[in-house]
Amino acid sequence: MTGQVLVIGLGNPDRGDDAVGVQVAREVAAERLSVNVLEFDDPSEALDAWEPEDTVILTDAISSGGVPGDIQVIDAIAQKLPTGGWAAGGTHALGLAAVVELARSLGQLPRRLVVVGVEAAQFDHGAPLSEAVAAAVPAAAVAVFDAIDDPEDEP
Amino acid sequence: MTHKLTQGDHVLHVDNLARVEGEGSMHVVVNDGLVADVELRIFEPPRFFEAFLRGRAWTEPPDITARICGICPVAYQMSSCLAIESACGVTVPEELRLLRRLLYCGEWIESHALHIYLLHAPDFLGYPGAIEMAADHGPVVERGLRLKKAGNALMTLVGGRAIHPVNVRVGGFYRLPTPHELHGIRPMLERARDDAVETVRLVAGFDFPDMVQHQEYVALRSPHGYPLEGGSVVTSTGRAFEVADFGTHVVEEHVARSNALHARLDGQESYVVGPLARYALNHDQLGPLAQEAARDAGLGDECRNPFQSIVVRAVELVHATDEALRIIDGWEGAAAPFVDVPARAGIGYGATEAPRGLLYHRYELAEDGTILDATIVPPTSQNQRSIEADLRVFVQDRLDLPRDELVRQCEQAIRNYDPCISCATHFLDLTVENR
């Protein structure tokens, strides 16, 4: 495997379940010291974070109408993300999906890009994580490790 | 679909406006080829915050109100700090005012770059959005992202974070950036200044629909230069008053279709705040580089075509990058990161220039600093009547356009104001109803 492994937690820690992406990234950082972990509250910052040969896992809250706490794993190299206007969830001015699709248009996607999303229940100002969303953090971290360790990916 | 609106009665309705910061919808009613009504319906959070602030401590508004908007948190912090400090009879020292101005430059750079490149330019270049535009104009979008990043970096350095900065407090800052840190960001800002000049050249070459707006322009004017972190109110008809008198000149009315209040100035039908108003009332205070860029772009002493607001925004981008470098170069440190602001009973007023226009805060404090009453008048609610007035004229002149094209152009006209309605997701969902 070439390049570094980078886990990027996205979200505003002050807006309810929007904090879940950051929480998952912190869980990953605590369990595996070899992984580079970054946090951004503005997803557009992530655009400059990776190099072409990197393996990147983005963790963020999603809002797809599913059950709060549901985890979705999306191979963003194989599949375009629905940008639906702009943000695909969360409370960002420029959402994760828009940032990934901008990177695709600009030819700036990394070698591997996997999105691990956790379905959110609320984005209330100053609120903590919802119970179901907080309970999903360990499983979401496992999904991140699975994506990092994917044997299919070994050259 | 090439359905046109010239015959019969029609309702043109765009349910959620794309590429507007927040949620809103547009509703146009056409009767027998005449525009009968235009409504911009918006869902706006500041009212909720006004109630939330009552009963809180006088030190809390900068932190609480910054959460209203992820795009202009600094504006909310700066207006609330000024208002609380005025209630408590405190003026921060010059070096802290300069640092606030520097932080504000970061927000202008970030917000203007986002709006110009990712939200508004696709309209002029004929793309549904920045993602599609990026495929054909990669270097242009990359320049926009580079500018936005420079703004974010400045906000992170001075404000602690780019979205919802945590380093701002009543009386100043929790921590001062070191001269070393400030100089460290210079190369990025120098590049941003070059990029900003290029931005003016780019957008000045766009095709602009013909339109002249006649509304009164309202902006701050300050002895400290082009208005950002404070000033008093001036208007294009020669009115001038202190921020403390804002509430006697500007009356807000509740309108049933929207949970935002609509503002009127001295009984006028509508007025405009934002880049066009700032430029008309303060262009003499722009730095030499921004003045040169404005001249090269063909701007005169004022610009009354709302579609050219993108050019004025780009000129302000030049000014904000240039001003940030000027402040950094002149920075000699501060005696302390903040001054004490002891509580006292009183009423305080504060206004600053958010990227989208004048943002007014008023607080009434009890003796122990408890907030008894709070009023926030955001720029978008002040511009709302003007947006509708623009659309009324604009749609009437374009009823022969295919419906889809008319909707697209209406959205572009709304984006002239860079309306910040709330921080939320938004989707375009158009329905047209024949009456």
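These legends describe close-up views of a predicted model.

**Figure 1. Chain A in outline.** Four helices and five strands make up the secondary structure of chain A. Read from the N terminus, the elements follow the order β-α-β-β-β-α-β-α-α. Chain A has 155 residues, and 54% of them count as buried. Among contacts in chain A with a separation of 6 or more, 76% link residues 24 or more positions apart.

**Figure 2. The largest nonpolar core.** This core holds 157 residues. The residues with the most contacts inside it are V144(A), I109(B), L154(B), V218(B) and V315(B). Helix 4 of chain B, residues 94-125, gives the most to this core, with 16 residues.

**Figure 3. The surroundings of V144(A).** V144(A) is among the residues with the most contacts inside the largest nonpolar core. Residues up to four places away in sequence are left out of this view. With those set aside, V144(A) touches V7(A), V24(A), V28(A), I57(A), T59(A) and V116(A).

**Figure 4. A four-stranded open sheet in chain B.** The strand order is 8-7-6-11, and the pairing is mixed. Strand 8 (240-241) and strand 11 (271-272) of chain B stand at the edges. Each has a single partner strand, so one side of each has no neighbour in the sheet. Strand 7 of chain B spans residues 232-235 and pairs with strand 8 of chain B in the antiparallel sense. Two bridges make up this pairing. Within strand 8 of chain B, A240(B) stands opposite V234(B).

**Figure 5. Helix 10 of chain B on the sheet.** Helix 10 of chain B covers residues 275-282. It lies across strand 6 (216-221), strand 7 and strand 11 of chain B. Its angle to strand 6 of chain B is about 70 degrees.

**Figure 6. Helix 10 of chain B against helix 12 of chain B.** Helix 12 of chain B runs over residues 309-330. The axes of helix 10 and helix 12 of chain B come within 9 Å and cross at roughly 65 degrees. This crossing is left-handed. Helix 10 of chain B brings P275(B), L276(B) and Y279(B) to the contact. These meet S309(B), V312(B), R313(B) and E316(B) in helix 12 of chain B. By class, the contact has four nonpolar, one polar and two charged residues.

**Figure 7. Two aspartates with positive phi.** D32(B) is not a glycine, yet has a positive phi of about 50 degrees. D32(B) sits in the loop between strand 2 (24-31) and strand 3 (34-42) of chain B. D32(B) has 10 C-beta neighbours inside 10 Å, so this residue counts as exposed. D266(B) is not a glycine either, and its positive phi is about 45 degrees. The loop that holds D266(B) lies between strand 10 (261-265) and strand 11 of chain B. D266(B) has 14 C-beta neighbours inside 10 Å, so this residue counts as partly exposed.

**Figure 8. A three-stranded open sheet in chain B.** The order is 12-13-14, with antiparallel pairing. Strand 12 and strand 14 of chain B stand at the edges. Each has a single partner strand, so one side of each is left without a neighbour in the sheet. From one strand to the next, the twist averages 15 degrees. Strand 13 of chain B, residues 357-365, is mostly covered, with eight of its nine residues buried.

**Figure 9. The two hairpins of strand 13 of chain B.** Strand 12 (residues 346-354) and strand 13 of chain B run antiparallel and are joined by nine bridges. Two residues link strand 12 of chain B to strand 13 of chain B in a hairpin. A354(B) stands opposite G357(B), and G348(B) stands opposite Y363(B). Strand 13 of chain B also runs antiparallel to strand 14 (residues 371-377) of chain B, joined by six bridges. R362(B) has T375(B) in strand 14 of chain B as its bridge partner. Five residues lie between strand 13 and strand 14 of chain B in this hairpin. In the turn, G369(B) has a positive phi of about 90 degrees.

**Figure 10. Helix 13 of chain B across the sheet.** Helix 13 of chain B, residues 379-396, lies across strand 12, strand 13 and strand 14 of chain B. The helix runs at about 130 degrees to strand 13 of chain B.

Note on methods:
Residues numbered from 1 in each chain as written. Chains lettered and ligands numbered in written order. Predicted model: local features only at pLDDT ≥ 70, side-chain atom pairs only at ≥ 80, totals over all residues. Buried ≥ 20, exposed ≤ 12 C-beta atoms within 10 Å, placed from the backbone. Contact = placed C-beta atoms within 7 Å. Pairing = 2+ DSSP bridges. Axes fitted to C-alpha atoms, helices over the stretch in contact; angles between N-to-C directions. Core = buried A, V, L, I, M, F, W, Y, C linked by C-beta atoms within 7 Å. Left-handed = near helix turned anticlockwise from the far one by under 90°. Nonpolar A, V, L, I, M, F, W, Y, C, P; charged D, E, K, R; others polar.
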